[in-house]
Each structure stands twice: as C-alpha cells, then as structure tokens.
Amino acid sequence: RRCVLEASQQLTEIINSETSTESPEPTREVGPADEEESAPHCLWVDKFTPRRYVELLSDDYTNRCLLKWLKLWDTVVFGKEKAMKKAKPSAETHPPFSQPKEQQGKWKTKVQLTEEILEAELDQHKRPKYKVALLCGPPGLGKTTLAHVIAKHAGYNAVEMNASDDRSPEVFKTRIEAATQMKSVLGADEKPNCLIIDEIDGAPAASINVLLNIINRKDGEGEAVAGAGRRRRREGGLLLRPIICICNDQ
C-alpha cells in the first residue's frame, strides 16, 4: 500500500508540473469558477426551477389548457387575429358506422369538452369568455411555477401578488388595477402584464367581490360621463389583461 501511495504521488506531481508548464491559460480560467462555487449560491429549488415550457413536469393536459386559454388573449393584448381552425371534411362525410347519428357527440372526452370551451367565440371586446383561470392543488404541485412559465412563454411579464397579504379591499383593488391597466413607461418593447394572484383562497370575501367587479365591468363604466366627474374615472376601464389565480383549497 505504501508503494502504491508513493507511485500515485509521483504521478500526481508529474501531471501537475506538465499542466503548469504546457498550458498555463486553463488555470486562469478555472479561478472565477472556483470563486463562484465558494460564493453563497441560491437554493436548489430556485436553481433547478423550470424556466421554459418544455422543462415543466406538471400535468401536460393542464399545461396545454392554460397555454391555450392564455393565447386567447392575443387578439386584445397583442392585436393578433384568432387563427380559425379548419374543419375536417373526412369526419363529416364519413361518420363512424358504429354509432347512430343521434348518439354522435353525446359522449365526449375531457379533452374534447375542454377544447370546445376554449374554442368558444370571443366577446364584443375580443376577450375570451372566461376572464380568469384558477389553478388548484396541494402545495408543491408546481402551480406558481406553471403560471410564471406559461406567462413568459406566451410573451407576458408575470406580476405576482399574494391575496392573503393584502387584507384591505382598497389595497387589493389598487394592486389589481395597477397590474392590469397601467401601461409601461419603460419603452415600446416592454411586455404586457399577466397578473398572478397566489393564495386566493385566503382572501376575504370583500376582496373577492372587488375582483368580480373588475372582471364583470361593462363597456361604459370606464368612460367619463357628464355629471359623474372623477368618481367615474376612478372606476377604471375594462379588464384587458389575463389573470391567473392560485389556491390550495378549491
């Protein structure tokens, strides 16, 4: 064992001497890396969190549904026209022989029903029928990560707020309107906001009513009418940005 240790030590010295004389440049490059490793680094949860859509480990069906719902806002947010889905002539001209006509379409899968809901026509303001998406599930499932990754993937700037922290309905309303209505002043290339409200099940009933009032605003509420004054202007306009709510207890 002593002989083996001496031989290995000699080999190590030879290798170190050769690398130091032949290629001194790599040793300089390794220095900053060693400094980064010795420096305090972030948590593994943040270091290895998914940052792209393909890195998500959550349910693929949920991921696609949320992304499709978020893309429905493209018409009103980005000015993109909704892509019309071409009809399949083969399915219409050759229906399956195993089912009679009255039973065709009676039994639909979960995926088909969701596709029909998400492909519904936009309203008069070119917004989707459902203005808010709700992600629910136990802690650690990846709901907040999913919302941030989907928002970034669809071209939005994710703005997160915690409904349990803002117990006052006035503060809750102010933060929602600031995230969904105020335009950016940082430049033309600034991304539109997508509001993510975490722990919505911890918000008081008054805050939920504030959120519902913002969602259900009509066309004329945001306009300044004669005799109404500043009070009508404070009401704000239509909701033109998507909102994703997250909760543990549905």
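Which residues point one way from β4, and which the other way? I shall answer that first, and then turn to the neighbours of this strand. Please bear in mind that we are looking at a predicted model.

Strand β4 covers residues 243-247. I243, C245 and C247 point one way from the strand, while I244 and I246 point the other way. Both sets are buried, and β4 is accordingly described as mostly covered, with 5 of its 5 residues buried.

Let us consider the pairing of β4. Strand β1, residues 132-136, runs parallel to β4 and is joined to it by 5 bridges. Within this pairing, V132 has I243 as its bridge partner. Strand β3, residues 193-198, also pairs with β4 in the parallel sense, over 3 bridges. Here L195 is the residue that stands opposite I243.

I now move to helix α10, residues 205-215. Its buried residues are S207, V210, L211, I214 and I215. These residues lie on the same side of α10, because they cover an arc of only 135 degrees around the axis. On the face of α10 turned away from the buried side, we find the exposed residues A205 and N213.

What do the buried residues of α10 pack against? They pack against β1, β3 and β4, and also against helix α9, residues 169-180. This brings us back to β4, whose residues 243-247 are buried.

Notes. Residues are numbered from 1 along each chain as its sequence is written. This is a predicted model: local features need pLDDT of at least 70, side-chain atom pairs count only at pLDDT 80 or more; totals for chains, interfaces and linings use all residues. Side-chain values use heavy atoms; hydrogens and water are left out. Buried means under 20% relative accessible area, exposed over 50%, partly exposed in between (1.4 Å probe, protein chains only). Helices (H or I, at least four residues) and strands (E, at least two) are DSSP runs, numbered from the N terminus. Two strands pair if DSSP finds at least two bridges between them. The arc is that of the directions from the helix axis to the C-beta atoms. Contact means heavy atoms within 4.5 Å.
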